Amino acid sequence: MMKSSLLLFFMFSISMGYGQKEKYKGQGPIRIVATDSKPVQKQWKGEFKFSNSGVVFSNEFEGARLNGITQNNDSTYTALITSENTPINISPWYAFKVWSKKKQTIDVILTYQESIKHRYYPKLSTDGIHWSVLDSMRYKEYDSGNTKTFGSSALPLKVKLRLDIGPDTLWVAGQELQNSHLVNSWIDSLTQRKYITKRTIGKSTEGRHLNMISVGNTDSKNMIMIISRQHPPEVTGYLAMKAFVETIASDSKLAKKFRKKFGTYVVPLMNPDGVDNGFWRHNTGGIDLNRDWANFNQPETRAVKDFMEGLVAKNNGKFYFGIDFHSTWDDIYYTVDPKLKGNMPNLVSDWLDKLRENIEGYDPNISPNDKLVPTTVSRNYFFIEHGAEALVFEVGDNTPREFLKEKAVTGANELMKLMLKHIKNK
């Protein structure tokens, strides 16, 4: 079952443009926006029951997004998915549970607010933990009619899913569900190792802990910073981050040597409120966190800033590398222009060369930037304020999960080699 699901997902990824010669050109210049908190609209939580068919939909779980649903006929339902506030980019997250008294097949049409299109290909689960993709024969796009590969113009206005349901719960989501409970379970599994610790560096607006993992030598002056999930639906970036961190935390000789020389600090879930509320983009303050790295108006970015500054003072050390994992239309590395030199010059460009050398047929899509002030986004803050060689790694929404893991594992190993070599040569 798992192999067939992976094969199907791989085939789907190719059909969506992954692996094509055309490269995603990336986003335009970052727009500076105000990051003072503004209101968000919470979704009503509960069960949507249809007595004539015995079908029940539910959004009563962390990470759910289902704002309303109506019955068109005996077997067709239309779901409404709306964002936490506006303006917002096209990243409409959806996640719900559905079941019925008897086994039956239903169609669910996903619709969104005006000007928003469908983005995430449906994933299915029977337990909320193990996921597969919906069979492409059971997936229909409406009002697509274009030949674009990337960006909003490549997306349909709405889609129809054909689902087999019954007394057992079926979970449906835009990506594999990774709410704060699941993320914290992963963190706790890592902290069973004596060289990994967990601490809370702050709290979100709704009081959720911002958990930090420390890996390796926490007294070292040599430090690296890793963050992910500033944007709630960006699960592929989170999955890549997991594999990246697990490689640094592994029992390999390389990882053990690296951990003696470096302290690695990780915030796996930057936006726990947004994730658990099923938000598309923002935190409870109604703000895109990755626009708040100059003003630090939001508690999540402020907590990381305070932590990094405090650790530099405590250890009298430096951050040599900083990476922020995200997801977008296709894989791309947003780097600092190599002409700008930080604490470990040429580290990122050398690292990307190593990825190219060690992953057959892989040509990293790189977008450098030399306009880093105001800092605004995490990469700019890491570089300008700490001299860390920094980048944003955006993983494609539909990147095959095994390839996603391969890039993360190879990337972590090659990074450790390069950083150890640099320290040795100092």
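Select Pro374, which sits in the loop between S18 and helix H8 (378–386); helices (H or I, at least four residues) and strands (E, at least two) are DSSP runs, numbered from the N terminus. Before you click further, know that this is a predicted model, where local features need pLDDT of at least 70, side-chain atom pairs count only at pLDDT 80 or more, and totals for chains, interfaces and linings use all residues. Residues are numbered from 1 along each chain as its sequence is written, and side-chain values use heavy atoms, with hydrogens and water left out.

Now show the backbone from Val373 to Pro374: that peptide bond is cis, with omega near 0 degrees. Most peptide bonds are trans, and most residues other than glycine have a negative phi. Next pick Thr376, found in the loop between S18 and H8 as well. The phi of Thr376 is near 60 degrees, a positive value in a residue other than glycine. Is Thr376 buried or exposed? Thr376 is buried, at 6% relative accessible area (buried means under 20%, exposed over 50%, partly exposed in between, with a 1.4 Å probe and protein chains only).

Jump to Asn346, in the loop between strand S17 (332–336) and helix H7 (347–358). Asn346 has a positive phi too, near 70 degrees, and it counts as partly exposed because its relative accessibility is 34%.

Then go to Thr86 and Pro87, joined by a cis peptide bond with omega about 0 degrees. Pro87 belongs to the loop between strand S4 (76–81) and strand S5 (95–100).

**One side of H2**

Select helix H2 (residues 180–190) and colour Ser180, Val183, Trp186, Ile187 and Leu190, which are buried. They share one side of H2, because they cover an arc of only 125 degrees around the axis (taken from the directions from the helix axis to the C-beta atoms). What covers them? Show strand S12 (196–203), strand S13 (209–216), helix H3 (235–248) and helix H5 (272–276), which are among the elements that do.

**Last stop: a look at the lining**

Conventions
Contact = heavy atoms within 4.5 Å.
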